[in-house]
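Open the model in your viewer and colour it by chain.

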Amino acid sequence: MIARLRKYLPGGRWAVIAPPYFWMLLFFAVPFLIALKISFSSIVIAMPPYTPLTEWVGDTLQLKLNLKNYLFLLRDPLYVNAYLSSLKIALISTLLCLLVGYPIAYAIARLPAASRNTALMLVVLPSWTSFLIRIYAWIGILKNNGLLNNFLIWLGVIDEPLKILHTPVAVYIGIVYAYLPFMILPLYTNLVKHDHRLIEAAYDLGCRPWQAFLRITLPLSRAGIIAGSMLVMIPAVGEFVIPELMGGADTLMIGRQLWVEFFNNRDWPVASAVAIVMLVLLIVPMMIFHHYQSKELEGRLA
Amino acid sequence: MAATASSVAAANGVAKSDAPIREDYVRIDDLTKEYDGFRAVDDVSLSIRKGEIFALLGASGCGKSTLLRCLAGFEKPTYGKIELDGVSIVEQAAYDRPINMMFQSYALFPHMTVEQNIGFGLKMAGLARDRVAARVEEMLTLVQMNRFAKRKPHQLSGGQQQRVALARSLALSPKLLLLDEPMGALDKKLRSQMQLELVGIIERLGVTCVMVTHDQEEAMTMATRIAIMDAGKIRQVGTPDEIYEQPASRFVAQFIGSVNLLEGTIEDDEKDHVTIRSDVLEQPIHVGHGVTGFEGQAVAYALRPEKIKIEKDEPAQPHNKVRGLIEDIAYFGTHSVYHVRLQTGKKLLVHFMNAKRWASERFTWNDTVWLSWGDNAGVVLTS
């Protein structure tokens, strides 16, 4: 009897699997559904500042889906441009992170095993200070009478300070700086596992060192490149703090628009729609990533 | 020492090449490789003939792999010369040397198919696409892997991976082929089959080959000549039967196969025979030929276990016989190994071929037996 009952009761397996699912449900699925719900409602001046989706009229339960918010996003070029501009900035930042991060990850992976952890530590160490403080430090470096300009003027390279802060260049510097560790770590994890004999085999078959890199190391690190790029690009699309503090008034990013809608215009439905569209935009590259990753895993297991 | 190497049908299963032999196709002179003061390869000189399969045999850490890597160009010798077909190659980078290597556990490129792996070197050499394809096809036929051309390495078995690795290293028609522990990644059954197959392919192409192995059976099966390495030095070079039947030192005698070493001194040094007095035998050992030594010199008499005859009754011969007690028996099917303790306490290993069914039942534990050997059964070692 008890044995039969036990079959229907959750066992130890569940205790292990359940917490992450519960976590995802509580902190991803539920907030997402709330935001989705709000995005289909209309703005009202009340508390909460949106209309309910369902209404009892007599004996019927009416469900009203207001698509105006989404249509508004589509029709207003400001939002379309903000999305495109966010994607562009995120893509270019990812590419820059890859260009800067790959050599660093490669160099760390080639270090003697004893010094690798120290080098990785140095990569991660800056993140131990507050993100905001580091961004303010960059402002201090880049502003017109900041460290960089003063130094260049002192060197005599330039006569007038370069305008870097509050330009797109500053946004790229900020994003690349902030997300570089997320590129380096997965790349390092991949590169450190490479079998050096493959490179020797390539030399043996007539490859010069740079050819061996292009034909062996680079293709074999593809999974690391994809993982690092996703980790940089996905948060970079929705980045708010860096464009807000370091970008100019014309730096259009969707994170800033979201802030404006939510806090300045108090338009929760439109803000929710902005967030949902952004999520969809981010899910597509994530699915591509997942697809490649599972393909690679299958390949290895076969 | 002038002991005649009794030419026992060699363990060497390889027919020697009929091609004109060039004594120093590969010439290594005074080659030394040091790492932080440690000499991995210590003043090695070797000549390798064209078309032969030359094995570097030694325990791990003896320097054989370092020597191979010096040949491949992955290590730069501290000093010394390497010539290939009369051309010095020490200054050449690995990618410029006309040498290819089959790596230990193969180092196949995991992201390329079998044909891409085999064609890689050809593509790097700048061959036109159709010529690459033709050569790859030829190589696939050579190793009988045509059916697997589109597979990735991880979809192949160990033996198939080895064929691909061999095809890849032969595709560029190297002047010298290097094999690094060629059978290391295969299980025992497959190993003996692939050994002969590999030798067959290498001999058919007539390519000169240097292989590194720690497995003496493998070296003896595959190689035309073997160099025994220890602590960075070459201890002996010879054909497999020379190494086995005529070891030059105690080290080589003990390294190859199993051996009974009887320490003693030369008692009677005649032109046509020698006697050796050993503490472990009551009788002096009678050697049926002269040796280059002197009376009173400390020597070792190396006697292979299969050269000793074991029987119940005392043999008729006047010399080279001793009585003992069977202390241990190891039964291997084809033969049995008896650990026989002599009255002096010395233990001798004796192999007994189980040529007849149930022959091993003749001797059992604690039997008193007579051991005997011929006048030319052993080798007198001075070093």
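Select chain A and chain B together. In this predicted model, the two chains bury about 2000 Å² between them, 62% of it on carbon and sulfur atoms. Buried area is the accessible area (1.4 Å probe) that two parts lose on being put together, summed over both. Now pick B:Tyr95, B:His111 and B:Met124. These supply 32% of the area that chain B buries against chain A, more than any other three residues.

Show the contacts (heavy atoms within 4.5 Å). Here 24 residues of chain B touch 19 residues of chain A.

Next, zoom to A:Glu200 and B:Arg69. Their side chains form a salt bridge at 2.6 Å, N to O. The rule asks for a side-chain nitrogen of Lys or Arg within 4 Å of a carboxyl oxygen of Asp or Glu. It finds 2 across this interface.

Select helix 2 (114-124) and strand 6 (99-102) of chain B: these elements give two or more residues to the side that touches chain A. Helix 2 of chain B gives the most, with 4 residues. Helices (H or I, at least four residues) and strands (E, at least two) are DSSP runs, numbered from the N terminus.

Move to the open sheet of chain B. Its 4 strands run in the order 2-1-4-5, with antiparallel pairing; strands pair if DSSP finds at least two bridges between them. Strand 2 (38-48) and strand 5 (87-88) of chain B are at the edges, each with a single partner strand, so one side of each lacks a neighbour in the sheet. Finish on B:Leu84, whose bridge partner in strand 5 of chain B is B:Val87.

Residues are numbered from 1 along each chain as its sequence is written, chains are lettered from A and ligands numbered from 1 in the order written. Local features need pLDDT of at least 70, side-chain atom pairs count only at pLDDT 80 or more, totals for chains, interfaces and linings use all residues, and side-chain values use heavy atoms, with hydrogens and water left out.
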